[in-house]
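I opened my notebook today to look up some charged side chains. Here is what I wrote down as I went.

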Amino acid sequence: MIRSGSLVTVGNQYLAEYAEKAGATAIRIIPTTIDLERYHTKSEYANESPVIGWIGTASTLKYLSLLKEELRYLIDKYNVKIYIIGAKESLELGKNEYHIDWSLDTEVPSILQFDIGIMPLANSPWAKGKCAYKLIQYMACGIPVIASPVGMNSEVVSPGANGYLAHDPTSWIEKLEILIQDQALRKKLGYQGRKDVEEKFTLQVNSAHYLSSVRAI
């Protein structure tokens, strides 16, 4: 199908390289986008017991489970809460693990309960093809992010500006502790994240790019 297409649109550079190897003659990178009108920004950031949040399905919960021990350590040390939207299987983190049902109507209000949004990934071909949708959703809500430096995550996260990248268990704990202990920094990074989404990852911005690409053929 890629070889036969007059135009192939992809969400990141990794997929663009895949399409090129598969024989695509015209490739356009258009990142994952959100409808900005659906997303409101967070107004209050917790002083104590901040919420570390993740949104996803049962099939992607395996990535969050990579941080099970780190999250358990932070619960014990800081009494943080772990909110999981969508996936229902327990990570056995104890009383501070909360599961929230997903629906389109409640998705954004649920994310707004987070103080820190995370997106751990394994460094695999499948994960490299993912397009950082979780991060974009968190940032649209004014929430600072921490993510594995895999695929599109490294393009979305500007370390120290809108969040952090964490390479291993030690750096995950280090970066999470920084944000857990600094409410003002969370607010600052969250504000910048919202601005980045407004400029790069919205339907309002990228619909014109998509339409111009289609009209060109």
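Is glutamate 107 buried or exposed? I looked it up in this model, which is predicted. Glutamate 107 is buried, because its relative accessible area is 5% and the cut-off for buried is under 20%.

**Entry: the partner of glutamate 107**

I found a salt bridge between the side chains of glutamate 107 and arginine 38, at 3.3 Å from N to O. The two sit 69 residues apart: glutamate 107 belongs to helix 4, and arginine 38 to the loop between strand 2 and strand 3. Arginine 38 is partly exposed, with 31% relative accessibility.

**Entry: glutamate 177**

Next I went to helix 8, residues 169-180, where I found glutamate 177. Its relative accessible area is 15%, so I noted glutamate 177 as buried. I then listed what glutamate 177 touches beyond four places away in sequence: Tyr73, Leu74, Lys77 and Tyr78.

Which residue forms a salt bridge with glutamate 177? I found lysine 77, with the closest N and O atoms 3.0 Å apart. Lysine 77 lies in helix 3 and glutamate 177 in helix 8, so this pair ties together parts that are 100 residues apart in sequence. I noted lysine 77 as partly exposed, at 47%.

Lysine 175 is buried at 16%, whereas glutamate 174 is partly exposed at 41%.

Then I came to a network of salt bridges that links Lys42, Asp115 and Arg186. My search of the whole structure gave eight salt bridges.

Terms used
Residues numbered from 1 in each chain as written. Predicted model: local features only at pLDDT ≥ 70, side-chain atom pairs only at ≥ 80, totals over all residues. Heavy atoms only, no water. Helix = DSSP H or I, 4+ residues; strand = E, 2+ residues; numbered from the N terminus. Buried < 20%, exposed > 50% of the residue type's maximum accessible area, 1.4 Å probe, protein only. Contact = heavy atoms within 4.5 Å. Salt bridge = Lys/Arg side-chain N within 4 Å of Asp/Glu carboxyl O.
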